[in-house]
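Please read them beside the coordinates.

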Amino acid sequence: MNSTSRLGMRLLKGYVVAAASLVVVATFLTLRQAPPASRFEEINVERMNVVEKDGRVRLVISNKNRFPGLMVNGEEHPYPRGVAGIVFIDEAGNEYGTLATHTRRAEQDFGAYSGLQFGNVAQGQIGMIYDDDAGQRQAGLFIAGASADATAQLLQRGRRVQQMPEGPDKVRAIAELRRAEGPPRVTVARMRDQSATVALADPQGNPRLRLVVDASGDPRVEFLDASGSVIRSLGGSSEL
Amino acid sequence: MNADLRFLQVSALVLTVLLAVTAYAWHRATRIPHFAQLDVERINFVEPDGMPRLILYNSSHTPGIILRGKNHPHPNRRAQAGILYFNDEGTENGGTFTFDQFDQDQVVSLGGGLAVWDQPYIPIEQVISRMLAATSQPEGPGRKRALEEVNAWALAQKIFTQRLSLGMARDNAAVLELADSERRPRLRAVVDAAGEARIDFIAAHGTVTRSITASSAGNLP
């Protein structure tokens with residue numbers, strides 16, 4: 001063996017010793033990371049998944065940044081929501097409820113949405129909702145019927161809206177998507193026109209019976225036809 | 001020479017094994033932690049910048065009122081367990097089945113029935129600081145007067161103007177009540193404790209001007 005290869009061998013030996021020591025130290029440090037404790041007085045989390053033994057997710061609590069898409073048959077689909085809150089998922093892997101909230105503020109403009117909803121996006125939902133667009137607000141209880149679109153269509157639409165650049169167009173598209181999820185059947189709310197209203201609607205979403213105290217304070221019970229015209233109105237002083 | 005070679009062979013083997021162990025341990029240490037059960041007194045769900053979005057808490061960790069991510073003493077929240085949500089600005093916007101208007105107090109609630117309120121767009125900080133100024137005074141006639149003043153102010157600003165309620169009344173009737181923007185009930189649908197149903201139209205000054213029942217269309221005289 002010449003002197004060069006002897007030097008090579010020595011270097012190699014040195015390397016092996018150094019690397020071995022490093023691995024030992026790294027192993028020690030990694031293993032020393034205690035197993036995560038399970039009792040805390042207070043913790044900060046960005047997202048928490050409550051899972052079954054086999055890993056199926058049943059409940060997610062999340063900030064806006066990590067909020068999940070829409071769960072359908074155990075698969076998560078991108079769906080634009082821009083909210084933080086809670087998602088409830090059933091045994092079959094379908095979302096059946098959300099508690100969601102979001103706000104936006106810009107110069108001369110603001111908007112807010114909070115909703116606790118149960119049901120299926122395409123098959124009808126009941127929700128307690130507050131929805132505000134720069135002071136044009138409604139708040140109350142809303143029951144929506146089944147959507148004219150199938151789940152697959154809604155998901156496709158959701159994916160398209162999700163890819164839109166952030167801005168007022170996207171906000172509008174999300175609002176439209178929410179409406180496409182199903183026509184209003186039962187409304188018990190303070191409405192955008194400043195009235196307090198109970199409205200019962202036909203399957204197409206046209207209100208047919210309405211109890212209203214309007215912005216001027218007048219109480220009325222109204223029967224409407226499918227085109228939205230009032231065909232009978234009972235008021236506090238009417239003789240009808 | 002042979003000894004050198006054997007040393008290198010053995011070292012390489014040991015290193016490989018250790019490397020595998022380290023890689024596995026590293027993988028375990030960096031994946032999302034998994035717990036079979038967690039006992040926590042309070043969990044803060046936060047955005048990456050630390051702004052709160054949702055807090056679950058027991059009674060010994062009841063938050064004050066959190067506005068733009070900062071905790072302030074709450075004028076009337078007692079120590080209680082619950083859940084609070086926060087808007088994109090880190091300001092409280094609801095809790096256990098109530099929602100607040102943007103930067104304001106509650107507009108809809110599902111506790112013991114459905115209730116809906118109108119709220120003015122007065123920043124909640126202003127309302128809270130006025131209330132705190134009154135509630136933080138020492139007991140006595142001065143505090144009482146300050147509380148009355150702040151209540152009168154809130155009434156004049158139309159804070160908490162109830163517009164709608166749906167639920168059970170104290171007399172065991174099932175009631176739907178719609179109010180005007182001055183919080184005066186104007187339309188009421190009732191099934192009373194005896195089972196009698198009626199729809200009442202109410203004038204602004206509070207008298208029932210028409211009552212429709214099963215046997216009467218409530219025509220006025």
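How many residues of chain B are in contact with chain A?

1. The answer is 75 residues of chain B, which are in contact with 81 residues of chain A; contact means heavy atoms within 4.5 Å. This is a predicted model, in which local features need pLDDT of at least 70 and side-chain atom pairs count only at pLDDT 80 or more, while totals for chains, interfaces and linings use all residues. Residues are numbered from 1 along each chain as its sequence is written, chains are lettered from A in the order in which they are written, and side-chain values use heavy atoms, with hydrogens and water left out.

2. About 6300 Å² is buried between chain B and chain A, and carbon and sulfur atoms give 68% of that. Buried area is the accessible area (1.4 Å probe) that two parts lose on being put together, summed over both. In chain B, the residues that lose the most area to chain A are B:Phe45, B:Phe99 and B:Phe102, together 10% of what that side buries.

3. A salt bridge is a side-chain nitrogen of Lys or Arg within 4 Å of a carboxyl oxygen of Asp or Glu. A:Arg190 forms one with B:Asp118, with the closest N and O atoms 2.6 Å apart.

4. A:Arg39 and B:Glu41 also meet through their side chains in a salt bridge (3.0 Å, N to O). This pair crosses between chains, from strand S1 (residues 39-45) of chain A to strand S1 (residues 39-46) of chain B. Strands (E, at least two residues) and helices (H or I, at least four) are DSSP runs, numbered from the N terminus.

5. Within chain A, the axes of helix H2 (residues 151-163) and helix H3 (residues 168-180) come within 10 Å and cross at roughly 170°. Axes are lines fitted to C-alpha atoms, for helices over the stretch in contact, and angles run from 0 to 180 degrees between N-to-C directions. H2(A) and H3(A) are therefore roughly antiparallel, the word used for angles over 145 degrees. Residues making the contact include A:Leu154 and A:Val161 of H2(A) and A:Ile174 and A:Leu177 of H3(A).

Technical notes. Angles under 35 degrees count as roughly parallel, over 145 as roughly antiparallel, 65 to 115 as roughly perpendicular and the rest as oblique.
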